[in-house]
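Hi there,

Here is the structure I promised to pass on. Have a look at it first, and my notes follow below.

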Amino acid sequence: MADVIILLSFSMLPILAYSQIQKGEDLPIKNITIDMKTMLLRWTNVENVNNVTCSVKILSKLVYQMKATNNHRCKIKNFHSWCQGVDFVIEGFSGKRFSETFHLPQRGEEGTTKENVSCEIHDANFMGCKWTVRNTPGDIHYQFFYSQSPLTFVNRECPNYKTDSEGRRVGCHFDNLSEFPNPYPYHFLVTGTSNGREVQCTDDNISLWDIEIFKPPNVTINCTSLRCRLQWQIPKTIQFQDNAFEYQLQIQKIGDKNFSEVVFNIKRTTNYDYTISYGKYTVKIRTRKLFYKNWSEWSEPQEFGEEVRKDNSLPVIMSLLGIAFIMLLIMGYLCKRYYVLQKIIPTVLYIRRPS
């Protein structure tokens, strides 16, 4: 078996290289090394070799394969989580087919569980990362590392740790994103020690595009009669992103629980025309980067529309009926009075004298 000399430690910086020395093995290659800074897997050819390929396997599963450059090196791409160990398999021909595996072991003590690490970007300029904190052992000491360049190995430690009530490190805060000049995946790693022994680490390669959380925009509403235009601003976002956003509107009629509508698929625009009936409505909005999964929270509801018009015909009718009733009373009184007068004062007949 080949001896593995580990020149890299996840708990100390800088992290640079692994190398492997072969002893007494009849192989056409030797002196296999991997430089974590340049991500180059190299070896020395002691015989003529050709058609050399490099394969990356994690937990015995093939991640990707590539053709070697000049049959003596491979540029490792698509950096993956290696805390659980990784195998680099170098294969080719030298009169006959050969295969050599360069193994990087799992980090940390066997049997320990790994922590989960996650990060979020808020307000386009602040990033917070956190990890699962195990209850035991209680003396565990965590460290958080990150790569300053995308698709490279970690080379810097957290600038601002967050601690819990027991003083344990539970997160890392970045006051700005100046150390992350582009959106491509960066390497984040959490490791820890307990009683001087390293626990199993966890790492991930995270694109900043995938972790940005947006504030919902404010909606302004202008209505002309029953037609309303709803408008909003593009959310504030990290500078290397374009303006391709997707929006959803939730519209509800006040006082009508059966009327609730969600408008989907509003893309690459910041306005929406909506026709209403008489009444008051509320609208909420949320957003996300187009083709990404993280939705913002819903905004606070805003009211728009017109109050329901009151029917004023009934008071008018009642007034007219009242007037007619009064007139009938008056007419009835007058008629009755005339009838009484006729009874009291008999009609006088005048006889016309002949001429």
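How do the residues of the lining of the largest pocket divide into nonpolar, polar and charged? They divide into five nonpolar, four polar and four charged. Here Ala, Val, Leu, Ile, Met, Phe, Trp, Tyr, Cys and Pro count as nonpolar, Asp, Glu, Lys and Arg as charged, and the others, Gly among them, as polar.

Before you read on: this is a predicted model, in which local features need pLDDT of at least 70 and side-chain atom pairs count only at pLDDT 80 or more, while totals for chains, interfaces and linings use all residues. Residues are numbered from 1 along each chain as its sequence is written, and side-chain values use heavy atoms, with hydrogens and water left out.

Back to that pocket (an open set of points on a 1 Å grid over the protein atoms alone, with protein on both sides within 12 Å along at least five of seven lines; lining residues have an atom within 4 Å of a point). The largest one holds about 190 Å³ of space, a volume being the space filled by probe spheres set on the points, which are joined across faces, edges and corners. Of its 13 lining residues, Ser-118, Cys-119, Glu-120, Ile-211 and Ile-213 are the closest to the centre. Two or more lining residues come from each of β10 (117-122), β11 (126-131) and α1 (208-211), where helices (H or I, at least four residues) and strands (E, at least two) are DSSP runs numbered from the N terminus. The most come from β10, with five.

There are also two cavities of 30 Å³ or more, a cavity being a set of points where a 1.4 Å probe fits but cannot get out. The largest cavity is about 50 Å³, and among its lining residues are Trp-209, Asp-210, Lys-289 and Tyr-292.

On to side-chain contacts. The structure has ten salt bridges (a side-chain nitrogen of Lys or Arg within 4 Å of a carboxyl oxygen of Asp or Glu). One joins Asp-123 and Lys-215 at 3.5 Å, N to O. This pair links distant parts of the chain, 92 residues apart: Asp-123 is in the loop between β10 and β11, and Lys-215 in the loop between β18 (212-213) and β19 (219-224).

Enjoy exploring it!

Best wishes
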